[in-house]
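Subject: Handing over a structure, with notes on what was found

Dear colleague,

Please find below the structure that I am passing on to you. My notes follow directly after it, and I would be glad if you read them with the model open.

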Amino acid sequence: GRTDSMILLSINSTTKEITMTSFMRDMYVNIKGIDADGNDIDTWSKLNAAYVYGGAELLMDTIEYNFDIAVDDYVYIDFLSFVDIVDAVGGIELDISGMKPPMAEQNKLLGNKKGTDYLDKGGKKLHVNGNQALAYARLRYVGNADFQRTERQRTVITKIIEKAKGSDPLTMDKFAKASM
């Protein structure tokens with residue numbers, strides 16, 4: 001399917017700083033390259049369509065072609081893996097105001113029972129599990145639309161990294177296995 005989120009993660013090996021740059025999935029770009037069937041493709045479409053046409057390779061080529069950014073490698077994480085990764089680090093803390101609507105759709109997608117992991121109230125530093133963190137990262141139609149959505153995604157990834165860095169060896173093992 002179409003990619004839900006595309007984030008370029010850059011690591012400065014000198015300063016040990018991580019920078020995350022989100023690509024808006026609905027941005028129209030020129031998709032040039034080879035599709036999944038080995039055919040030449042040259043079309044204008046939404047950025048997240050590049051993955052459908054030719055997988056990760058065409059998506060990376062599309063980002064390089066349109067933004068003049070060399071992408072060295074990629075990590076693909078599906079919804080189930082994302083949930084497992086957050087759960088492996090014991091959940092994360094987020095500031096949430098509420099998110100019942102995306103939970104209904106997401107529980108259906110993940111095969112969860114209706115009502116699973118709904119939050120009755122929001123709050124500062126609310127401890128959430130993987131399913132709840134995924135819903136928070138995917139939440140649409142609030143605030144400044146996709147700009148705040150991509151900000152939430154970067155926040156969740158930052159929280160996962162921070163939590164993993166401070167984890168004991170057993171938790172790190174669970175994190176590594178969930179990330180594979």
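Tyr51 has a relative accessible area of 22% and is therefore partly exposed, where buried means under 20% relative accessible area, exposed over 50% and partly exposed in between, with a 1.4 Å probe and protein chains only. Before going on, please note that this is a predicted model, in which local features need pLDDT of at least 70 and side-chain atom pairs count only at pLDDT 80 or more, while totals for chains, interfaces and linings use all residues. Residues are numbered from 1 along each chain as its sequence is written, and side-chain values use heavy atoms, with hydrogens and water left out.

Aromatic pairs

The structure holds two aromatic pairs, a pair being rings of Phe, Tyr and Trp (its six-membered ring) whose centres lie within 6.5 Å, with planes under 30 degrees apart counted as stacked, over 60 as edge-to-face and the rest as tilted. In one of them, the ring centres of Phe23 and Phe67 are 5.1 Å apart and the planes stand at 50 degrees, so this pair is tilted. Because Phe23 belongs to strand β2 and Phe67 to helix α1, the pair ties together parts that are 44 residues apart in sequence; helices (H or I, at least four residues) and strands (E, at least two) are DSSP runs, numbered from the N terminus. Phe23 is buried, at 7% relative accessibility, whereas Phe67, at 28%, counts as partly exposed. Tyr51 and Tyr76 form a stacked pair, with 5.6 Å from centre to centre and 5 degrees between the planes. This pair also links distant parts of the chain, since Tyr51 is in helix α1 and Tyr76 in the loop between α1 and α2, 25 residues apart. Tyr76 is exposed, at 52% relative accessibility.

The largest pocket

The largest pocket holds about 1500 Å³ of space. On a 1 Å grid over the protein atoms alone, a pocket is an open set of points with protein on both sides within 12 Å along at least five of seven lines, a cavity is a set where a 1.4 Å probe fits but cannot get out, and lining residues have an atom within 4 Å of a point. Grid points are joined across faces, edges and corners, and a volume is the space filled by probe spheres set on the points. The lining of this pocket consists of 40 residues, and those nearest its centre are Ile7, Val75, Tyr76, Ile77 and Ile157. Helix α5 gives the largest share of that lining, six residues. By class, the lining has 28 nonpolar, five polar and seven charged residues, where Ala, Val, Leu, Ile, Met, Phe, Trp, Tyr, Cys and Pro count as nonpolar, Asp, Glu, Lys and Arg as charged, and the others, Gly among them, as polar.

The cavity

How many cavities of 30 Å³ or more are there? The count comes to one, and the volume of the largest cavity is about 40 Å³. Its lining includes Asp4, Ser22, Phe23 and Arg149, and the largest share of that lining, four residues, comes from α5. By class, three nonpolar, four polar and four charged residues line the largest cavity. Asp4 is found in the segment before β1 and counts as buried at 18% relative accessibility. The side chain of Asp4 makes a polar contact with that of Arg149 at 2.8 Å; a polar contact is a pair of N or O atoms within 3.5 Å, where, within protein, one must be able to donate a hydrogen and the other to accept it, and residues adjacent in sequence count only if both atoms are side-chain atoms.

Helix α4 is mostly covered, with nine of its nine residues buried, Tyr136 among them. At the start of α4, a side-chain oxygen of Asn129 comes to within 3.1 Å of the backbone nitrogen of Asn131.

Most residues other than glycine have a negative phi. Asp68, in the loop between α1 and α2, has a positive phi near 55 degrees, and this residue is exposed, with a relative accessible area of 74%. Asp117 also has a positive phi, of about 65 degrees; Asp117 sits in the loop between α3 and β6 and is partly exposed at 24% relative accessibility.

With best wishes
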